[in-house]
Amino acid sequence: MDALVHFLPQVWFVILALFLFLYVMLDGFDLGVGILSLTSSDEERRSLLMTSLGNIWDANETWLVLMGGALFGAFPLAYGTILSALYIPIFMMIFGLIFRAVAFEFREHSTRKLLWNFAFGAGSFLAALGQGFALGSVIEGIAVDEAGHFIGSTWDWLDWRSLLVTLTLIQGYVLIGSTYLILKTEGDLQKTHFRTAKIAAITTLIGAILITIATPIFYQAARNRLFTPPLVYIFAVIPVLGVVLVGLLLRSLNREEEATPFIWTILIFLLTFIGLGLIVFPYIIPTQITIYQAAAAPSALVFMLTFIGVLIPIMLFYNIYNYVVFRGKVAGSTYGE
Amino acid sequence: MDVALDSVVLSRMQFALTAIFHMLWPVLTTGMAIYLVIVEGLWLKTRNPDYYRHARFWSKLYVLNFGIGVASGLPMEFQFGTNWAPFSEAVGDFFGSILGFEGAMAFMLEAGFLGIMLFGWGRVHPVIHYLATIMVAFGANLSTFWILVANSWLQSPTGGEMVNGKFIVSDYFQAIANPFMVKSVSHMFFATLETSLFVIGGISAWYILNNRQQAFFSQSLKIVLAAAVAVTPLQIYIGHLSAEQVAHYQPTKLAAMEAKWETSPAGQPADWSLLAIPDEATQTNKWEITIPNGLGYILEFKKNLSEPVLGLREWPTSDRPRMVGLIYYSFRIMSGIGFFLAGLMLWSILQWLLGNLSTEKIGQQKWLLRTWIFAAPLGYIAVESGWIVRCVGRQPWTLYGQIRTADAASQLPASNVLTSLTLFAVVYSILFVATLYFGSRIIRHGPNLELPIPGLDNQPALETEPATFVPDQRPLEAQQ
């Protein structure tokens with residue numbers, strides 16, 4: 001029984017981390033492309049940018065919906081507390097994603113493309129902003145009472161540390177968006193994004209270094225954990241690996257390779273994720289409520305695992321198939337006709 | 001109404017607004033997805049290029065609606081946490097799991113195959129494409145299933161009990177198969193079908209009436225009509241069964257639906273109120289037209305009631321729904337539309353049997369076609385009214401008989417909720433107008449009847465004409 005009480009929440013923590021990682025990686029490049037489109041000067045280019053996402057943005061966004069549902073079912077307390085505490089950033093994200101989604105539908109039929117281009121870019125930016133503040137606040141910690149209910153105030157999420165996380169996340173999205181576009185485009189458009197990718201790689205690295213330094217200085221709880229074995233060894237390795245990966249990324253960009261920059265970026269995201277996961281674990285509301293306190297009843301976790309767990313490989317399979325069908329460079333304004 | 005604008009009221013308004021708006025889009029796309037499966041299937045079977053062009057034309061409207069549905073569905077997923085945190089914590093074990101299932105089984109399936117359905121025509125084999133279309137339709141309808149499972153459970157919670165403010169589930173499958181489930185899922189499934197049938201039919205009628213591609217749109221009108229023969233009467237019957245289950249499990253809702261203040265005892269006939277002005281202050285109807293002895297016939301198809309029908313006065317005000325007039329009229333609007341659409345179906349079938357719907361003659365059926373155009377939005381109105389009856393009538397409970405709505409809401413600063421509510425109102429109004437505008441633009445533009453047909457293995461991929469070389473006649477400078 002004890003094994004179940006610990007094992008099941010851990011399994012769900014890993015599943016949630018997987019959904020979140022897939023979301024941040026996949027919709028990350030969607031949002032990054034959106035943010036990049038704000039700087040793009042001509043209509044043909046923006047059209048190509050949006051076409052490169054046309055068939056996949058919706059499936060990518062669905063990982064977020066999935067994560068919301070899974071968090072609700074597996075950790076109902078955390079779902080309620082975190083979302084109500086982060087009311088403003090969550091609705092920033094929601095409105096951003098709404099603008100982004102309708103831009104795809106309306107732009108195609110509109111004669112005023114500029115308006116919907118702006119909705120696409122600004123929506124992506126707003127969504128990234130909301131996600132950054134939400135992520136920053138969760139890592140920083142949310143004020144809760146012993147029962148895990150939110151007792152802080154409505155603007156708690158806004159301070160310089162969450163702002164730092166937000167800016168870094170936006171840089172990360174621009175980076176993965178750029179490397180995705182390197183993969184999907186050719187010619188001048190591709191050249192532009194070799195350049196944006198280099199800039200974003202460096203700004204992301206600076207942000208990550210600042211966060212890495214700030215975390216042990218400003219968070220008592222994180223400091224104690226970080227400087228105690230075995231985590232201290234892991235945290236010695238992760239920044240080093242991170243710098244190596246950024247170096248490899250920059251080298252591949254300088255050599256103008258097409259596929260490898262995207263792969264290095266994914267590995268950088270993955271490494272960051274593992275680092276964050278290790279800092280947060282075993283908390284779901286750091287550093288107050290553990291996954292064991294917030295978890296649904298073991299029966300609920302088993303019930304969900306039976307249905308959702310089996311589906312994870314299937315979902316991955318048809319999502320990958322979708323990418324395989326639409327592999328190759330984007331050309332023209334539509335895939336279909 | 002003398003409600004203070006506290007965050008509970010505002011959260012309710014926000015949920016109502018976002019749900020009412022969101023529903024407009026999937027109610028069309030889930031039904032229309034089945035229609036797309038039918039026309040694409042007909043194309044693969046008959047190789048008649050018209051069916052292919054139907055699939056392409058209607059999928060334009062489909063994807064417009066789908067996109068707005070995705071956009072407006074997102075707040076639904078997160079609002080339980082932001083605005084209804086205590087509720088989420090209390091029922092997450094079951095309710096959250098079901099929303100998770102909806103995401104993993106239904107929504108992802110739909111989203112994962114949509115790209116292939118829309119853009120994959122030239123990239124995958126027609127059979128794979130057809131499979132993708134089927135998966136989109138299956139995912140959409142599975143979504144209806146899980147959402148209705150979750151909502152039915154709120155209406156009739158079973159499979160566990162409340163312990164210290166948390167719903168402890170003892171049997172998940174009993175909770176899924178709650179008393180409301182089968183009838184509610186069926187009622188909504190047929191509602192999506194019926195709404196999309198009359199939208200497709202109404203648009204087809206508009207083209208025929210305007211002498212545009214009459215032969216082409218007679219095809220879709222006839223497919224719709226053939227389906228409506230089964231759907232419209234069945235929906236009325238399922239609606240009746242749903243009212244029966246409300247009578248059995250939620251007597252306060254039934255009393256509000258009928259604006260019934262006084263109890264009618266068993267063994268006697270009772271009047272049925274056709275139209276009334278309910279007055280909550282005096283707990284009576286100020287004015288009323290009744291059908292003598294009608295209630296027994298409506299509920300049980302006989303004169304005398306076999307069980308008493310309780311009036312609203314049986315409960316203290318705090319234990320029964322408010323806004324009786326809204327519930328009462330929403331119910332009448334929904335049922336009225338159900339009968340109207342069935343009547344339209346009968347009229348059209350009669351004309352079909354008389355041979356008046358042939359391509360040559362159908363254009364003369366002006367009033368029939370106008371009625372179809374008029375009927376296009378009615379399905380939406382019926383669906384929205386039905387959900388108002390279902391969820392306003394469930395009050396004051398969120399989880400019927402267990403969790404009160406007032407206890408379910410997050411403690412939020414009212415200003416936060418007021419801001420998000422205002423933003424939703426503004427943004428959704430713009431989206432509503434824009435969608436109508438772009439939808440009508442797609443319709444005015446019409447189908448592309450010159451679309452090349454994607455290659456099938458057993459027919460020539462392209463019909464080619466011998467090429468003739470036309471020398472460039474322009475002056476030399478212009479050629480460069």
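Axes are lines fitted to C-alpha atoms, for helices over the stretch in contact, and angles between N-to-C directions run from 0 to 180 degrees. On that basis, helix α4 (residues 76-85) of chain A and helix α3 (residues 85-119) of chain B have axes that come within 7 Å and cross at roughly 140°. This is a predicted model, in which local features need pLDDT of at least 70 and side-chain atom pairs count only at pLDDT 80 or more, while totals for chains, interfaces and linings use all residues. Residues are numbered from 1 along each chain as its sequence is written, and chains are lettered from A and ligands numbered from 1 in the order in which they are written.

**Helix contact between the chains**

- On the α4(A) side the contact includes Pro76(A), Leu77(A) and Tyr79(A), and on the α3(B) side it includes Ala85(B), Pro86(B) and Glu89(B); residues are in contact if their C-beta atoms, placed from the backbone, lie within 7 Å.
- Six nonpolar, six polar and two charged residues make up the contact of α4(A) with α3(B) (Ala, Val, Leu, Ile, Met, Phe, Trp, Tyr, Cys and Pro count as nonpolar, Asp, Glu, Lys and Arg as charged, and the others, Gly among them, as polar).

**The chain A–chain B contact as a whole**

- Chain A gives 53 residues to the contact and chain B gives 58 residues.
- At least two residues of the chain A side come from each of α3 (57-74), α4, α5 (87-109) and α13 (298-325) of chain A; helices are DSSP runs of H or I with at least four residues, strands are runs of E with at least two, and both are numbered from the N terminus.
- α5(A) supplies the largest share of that side, 14 residues.
- The side of chain A that touches chain B has 35 nonpolar, 16 polar and two charged residues.

**A helix pair within chain A**

- Helix α7 (residues 160-184) and helix α11 (residues 260-280) of chain A have axes that come within 8 Å and cross at roughly 155°.
- α7(A) and α11(A) are therefore roughly antiparallel (angles over 145 degrees).
- α7(A) and α11(A) cross in a left-handed sense.
- Among the residues that meet are Leu175(A) and Ile176(A) in α7(A), and Phe262(A) and Phe269(A) in α11(A).

**A hairpin in chain B**

- Strands β1 (residues 160-163) and β2 (residues 166-169) of chain B run antiparallel and are joined by four bridges; strands pair if DSSP finds at least two bridges between them.
- Met162(B) is opposite Phe167(B) in β2(B).
- Two residues lie between β1(B) and β2(B) in this hairpin, and Asn164(B) in the turn has a positive phi of about 50°.

Terms used. Contact = placed C-beta atoms within 7 Å. Parallel < 35°, antiparallel > 145°, perpendicular 65-115°, else oblique. Left-handed = near helix turned anticlockwise from the far one by under 90°.
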